[in-house]
Amino acid sequence: MKSLRFTLFVVLMSLCTVAFAQSDAQKSFDKLKTLAGSWEGHVTTLPQQAEIEGKLMQVSLRATSMGNALMHEMTGAGRPDDPITMLYLDGDRLLLTHYCDAGNRPRMAGKMSPDGKTVEFDFLDVAGSTQYGHMHHAVFTVIDANHHTEDWTYMMPGDKPVHAHFDLQRTK
């Protein structure tokens, strides 16, 4: 009888752990969906990248697929098109797939900070060539309803990181 009670306890604890993990991913996704709208702000880079340093960038975030995905598009002056990033839940994980202008598709998994203001994405894998580098890390921080920041790390060939910081204000 003790064995049966112990087994039931272990099963229930396992189910609770899965439920909390799903809840955390859902909370993170719901937090990011509050950013739906149009944004603009200037970019700073480290090391400095002359072609984008200080430029005004526009970001559009839009819930799509019946609320099951969040599409992120970024444009800037002098750019012929924009990279697209899709954020979505995959079971108990929040994932990001970045459709990069370097011709590849890195995936990252996200986790919310304990204070609930930041969602940080860590590199999982990449499809396509990394000959020209790949996006490696992303952090979204919600300041308030009309202000958020994004920090993106691009890994250049030879594993040389380039950090880009976007300070964004809501335009609508």
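**View 1. The whole protein chain, a predicted model.** Local features are given here at a pLDDT of at least 70, and side-chain atom pairs at 80 or more, while totals for chains, interfaces and linings use all residues. Numbering starts from 1 along each chain as its sequence is written, and side-chain values rest on heavy atoms, with hydrogens and water left out. The chain holds one helix and ten strands, in the order α-β-β-β-β-β-β-β-β-β-β from the N terminus; helices (H or I, at least four residues) and strands (E, at least two) are DSSP runs, numbered from the N terminus. Of its 172 residues, 35% count as buried, meaning under 20% relative accessible area with a 1.4 Å probe, protein chains only.

View 2. Residues 6-22 are the stretch to view with care: their pLDDT is below 50, and beyond near neighbours in sequence the stretch has two contacts in the model. A contact means heavy atoms within 4.5 Å.

**View 3. Strand β5 and the hairpin with β4.** Five of the seven residues of β5 (residues 93-99) are buried. Strand β4 (residues 84-90) runs antiparallel to β5, joined by seven bridges; strands pair if DSSP finds at least two bridges between them. Look for Thr85, whose bridge partner in β5 is His98. Two residues lie between the strands of this hairpin, and Gly91 takes a positive phi near 65°.

**View 4. The hairpin of β5 and β6.** Moving on, β5 also pairs with strand β6 (residues 105-112), in the antiparallel sense over four bridges. Here Thr97 stands opposite Arg107 in β6. Five residues separate β5 from β6, and Gly103 in the turn has a positive phi of about 85°.

**View 5. The surroundings of His137.** Setting aside residues up to four places away in sequence, His137 touches Met108, Glu120, Phe121, Asp122, Asp151, Trp152 and Thr153. With Glu120, the side chains make a polar contact at 2.9 Å; such a contact is a pair of N or O atoms within 3.5 Å, where within protein one must be able to donate a hydrogen and the other to accept it, and residues adjacent in sequence count only if both atoms are side-chain atoms.

Key
pLDDT = per-residue confidence, 0-100. Buried < 20%, exposed > 50% of the residue type's maximum accessible area, 1.4 Å probe, protein only.
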